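Work through the exercises below with the sequence and the model open. Try each task before reading its solution.

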Amino acid sequence: MKFEQLLATDCYLCGCRLTQQNKDLRDACSLNIENHASGEATSKFDKKYSGIGEKLVCEHCRSQLPVCIHNCFTCGLPLPDSLTGASNQQTCGQCLISSPVFSRLISAFHYEAPINHFITQLKFSAQFQLLPIMVDFLVTKLIQGYQNEPFPQALVAIPLHPKKQRSRGFNQARLIANRLSKQLNIPVIDRGVERIKLTRAQSGLDAKERKENIKGAFRVSTKLPEHIAVIDDVITTGLTVSEFSSTALSHGCQKIHAWSIARAYEI
Ligand SMILES: [Zn+2]
Ligand SMILES: [Zn+2]
């Protein structure tokens with residue numbers, strides 16, 4: 001048996017055999033880290049980062065995933081084709097008119113197949129196998145996105161209402177935050193951050209009902225660092241993140257970024 005075969009791994013999504021390609025991806029990954037580590041923004045960055053998940057997906061499967069490529073720097077919505085190719089800090093027209101409470105949103109994927117199925121399986125069937133892969137794609141995106149500015153000082157997962165957390169058994173946003181925390185060496189804050197209102201699902205409500213539904217949903221009873229990243233699995237209208245951000249701003253935060261596995265939007 002060749003040495004290379006001993007190192008072979010299967011693609012997690014399609015089962016094909018990965019060998020040299022796997023190594024290439026690993027090399028690309030460590031290159032990323034080195035580039036990042038040479039910048040000023042890296043004091044918090046853990047050089048031991050090893051995003052194994054993304055490396056376990058073959059090139060074909062990677063090309064099928066709905067990766068976010070050209071999105072608004074501020075709200076994360078896709079930018080029109082006319083802006084494609086411009087700087088990666090491009091902001092959409094809506095954000096120029098009225099910027100959200102958070103100042104930056106980064107998602108790894110559009111909320112489309114197969115990612116929407118993966119997230120549904122995670123949330124409603126407790127299928128956790130694909131979580132590391134999805135988070136590792138986000139980590140790669142974050143490393144690229146924070147080459148010129150420091151990472152947030154702490155991560156805060158959007159809390160679930162205790163009743164909902166009990167019935168589900170876990171908070172998927174917290175699982176995502178935990179893995180990000182390990183990969184990026186940024187602490188997670190969960191004490192003193194609660195969801196005090198049992199909100200209805202936002203889907204199916206009109207714009208006014210959604211605002212009313214989420215209003216006053218969160219309570220923060222701790223002092224938060226100046227710069228945090230709020231973590232959720234999917235961000236759609238941004239109302240939940242905005243409501244949480246507004247609450248956080250009155251508890252020590254000055255700059256809030258939002259990170260999610262997927263960005264959904266209504267056409
Ligand atoms: Zn594959
Ligand atoms: Zn925007």
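**Exercise 1.** Find the helix that lies across S3 and S8, and give its angle to S3.

Solution. Helices (H or I, at least four residues) and strands (E, at least two) are DSSP runs, numbered from the N terminus. Axes are lines fitted to C-alpha atoms, for helices over the stretch in contact, and angles run from 0 to 180 degrees between N-to-C directions. Two residues are in contact if their C-beta atoms, placed from the backbone, lie within 7 Å.

Before going on, note the conventions. The model is predicted: local features need pLDDT of at least 70 and side-chain atom pairs count only at pLDDT 80 or more, while totals for chains, interfaces and linings use all residues. Residues are numbered from 1 along each chain as its sequence is written, and chains are lettered from A and ligands numbered from 1 in the order in which they are written.

**Exercise 2.** State the strand order of the open sheet of 4 strands.

Solution. Step 1: the order is S3-S8-S7-S4, with parallel pairing. Two strands pair if DSSP finds at least two bridges between them. Step 2: S3 and S4 (154-157) are the edge strands, each with a single partner, so one side of each has no neighbour in the sheet. Step 3: from one strand to the next the twist averages 20°. Step 4: S3 and S8 (residues 255-263) are joined over 6 bridges, and S7 (residues 227-235) and S8 over 8 bridges. Step 5: look at His257 in S8, which stands opposite Arg104 and is also the bridge partner of Ala229.

**Exercise 3.** Is strand S3 largely enclosed or left open by the rest of the structure?

Solution. Step 1: a residue is buried if 20 or more other C-beta atoms lie within 10 Å of its own, exposed if 12 or fewer, and partly exposed in between; C-beta atoms are placed from the backbone. Step 2: 7 of the 7 residues of S3 (residues 104-110) are buried, so the strand is largely enclosed. Step 3: for the protein, 33% of the 267 residues count as buried.

**Exercise 4.** Which residues have the most contacts inside the largest nonpolar core?

Solution. Step 1: a nonpolar core is a set of buried Ala, Val, Leu, Ile, Met, Phe, Trp, Tyr and Cys residues joined through C-beta atoms within 7 Å. Step 2: the largest one has 57 residues, and those with the most contacts inside it are Met134, Leu138, Val230, Ile231, Ala258 and Ile261. Step 3: H7 gives the most to this core, with 9 residues. Step 4: leaving aside neighbours within four places in sequence, the contacts of Ala258 include Phe102, Leu105 and Val241.

**Exercise 5.** Where do the buried residues of H9 pack?

Solution. Step 1: among the buried residues of H9 are Ile176, Leu180 and Leu184. Step 3: they pack against H6, H7, S4, S7 and S8. Step 4: just after H9, Asn185 takes a positive phi of about 60°, although Asn185 is not a glycine.
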